Amino acid sequence: MQNISNVREPDSYEEATMNHVWQAAMTQEFEALHTNHTWDLVHLPAGKKEIGCRWIYKIEHKADGSIERFKARLVVKRYTQQAGVDYTETFSPVVIMTTVRTLISVAVKRGWKLYQLDVNNAFLHGYLNEEVYMDAPQGLDTNSSHLVCKLRKYLYGLKQASRQWYDKLTQALESRGFAHSVEDYSLFYKKSDGSSIFLAVYVDDIVVTGTDLNEINNLK
């Protein structure tokens with residue numbers, strides 16, 4: 001508790017720029033966005049309206065309270081989106097907690113190893129289907145105050161982002177022979193020749209367990 005209370009997260013972009021650790025975190029986020037070609041800088045077309053964005057800062061701690069990393073994430077102000085204009089479907093299945101508890105119970109009783117995965121910049125793996133324009137984020141050098149970001153990939157905060165990520169992940173898992181349970185669409189499994197692998201998905205957090213460690217390692 002003492003370790004946690006000795007540090008604080010910035011309340012604004014201006015405050016974050018005063019500390020080199022947060023500057024490095026924002027640079028890392030920009031590099032990920034650039035590598036994934038998240039947007040194109042364009043002039044806003046007539047009749048279109050851009051949505052806002054902001055920086056979110058988070059200090060992640062280890063179990064002993066020491067700092068694991070400083071995390072800066074660029075997110076869309078989702079309350080500025082308009083239904084039918086910036087998005088359509090938003091529903092995305094997530095695994096129910098009863099399924100998670102059951103899966104862990106079975107794994108413990110049978111001596112299976114459990115793995116927890118967190119996908120970095122998960123939403124950037126899905127291509128945006130809608131036409132969405134966003135204000136240029138603070139810290140991005142556009143060489144012009146009249147340019148906006150035409151999004152090519154999903155950003156955190158977009159109302160449809162988790163839906164697209166679920167679809168993208170499902171396609172990848174099905175290509176590897178996984179199927180989803182009819183009881184819980186966010187529980188995937190693969191069974192063959194006495195091998196059983198189970199995978200539970202909660203947005204971009206994943207729990208994997210089963211009998212075949214080689215298949216699990218290949219999946220990871």
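Visitor: Why is F198 called buried?

Guide: The relative accessible area of F198 is 17%. Buried means under 20%, exposed over 50% and partly exposed in between, with a 1.4 Å probe and protein chains only. At 17%, F198 therefore counts as buried. This is a predicted model, in which local features need pLDDT of at least 70, side-chain atom pairs count only at pLDDT 80 or more, and totals for chains, interfaces and linings use all residues. Residues are numbered from 1 along each chain as its sequence is written, and side-chain values use heavy atoms, leaving out hydrogens and water.

Visitor: How many aromatic pairs does the structure hold?

Guide: There are five aromatic pairs. Rings of Phe, Tyr and Trp (its six-membered ring) pair if their centres lie within 6.5 Å; planes under 30 degrees apart are stacked, over 60 edge-to-face, and the rest tilted.

Visitor: What makes the pair of W22 and F70 edge-to-face?

Guide: The ring centres of W22 and F70 are 5.1 Å apart and the planes stand at 85°, so the pair is edge-to-face. It links distant parts of the chain, 48 residues apart: W22 belongs to helix 3 (residues 20-35) and F70 to strand 3. Helices (H or I, at least four residues) and strands (E, at least two) are DSSP runs numbered from the N terminus. W22 is buried at 3% relative accessible area, whereas F70, at 26%, is partly exposed.

Visitor: Why is the pair of W112 and F198 called stacked?

Guide: The planes of W112 and F198 lie at 15° and their ring centres are 6.0 Å apart, so the pair is stacked. W112 is in the loop between helix 4 and strand 4 (113-118) and F198 in strand 9 (residues 195-202), so the pair ties together parts 86 residues apart in sequence. W112 is buried, with a relative accessible area of 15%.

Visitor: Which residues form one aromatic cluster?

Guide: The cluster is formed by W22, Y57 and F70.

Visitor: How do you know that C53 is too far from the closest cysteine sulfur for a bond?

Guide: The closest cysteine sulfur to that of C53 belongs to C149, 7.0 Å away. A disulfide is a pair of cysteine sulfur atoms within 2.5 Å, and the count of disulfides comes to zero. C149 is likewise in no disulfide. Relative accessibility is 13% for C53, which counts as buried, and 0% for C149, which is also buried.

Visitor: What makes V94 partly exposed?

Guide: V94 has a relative accessible area of 31%, and therefore falls between the 20% and 50% limits. V94 is placed in the loop between strand 3 (67-76) and helix 4 (97-110).
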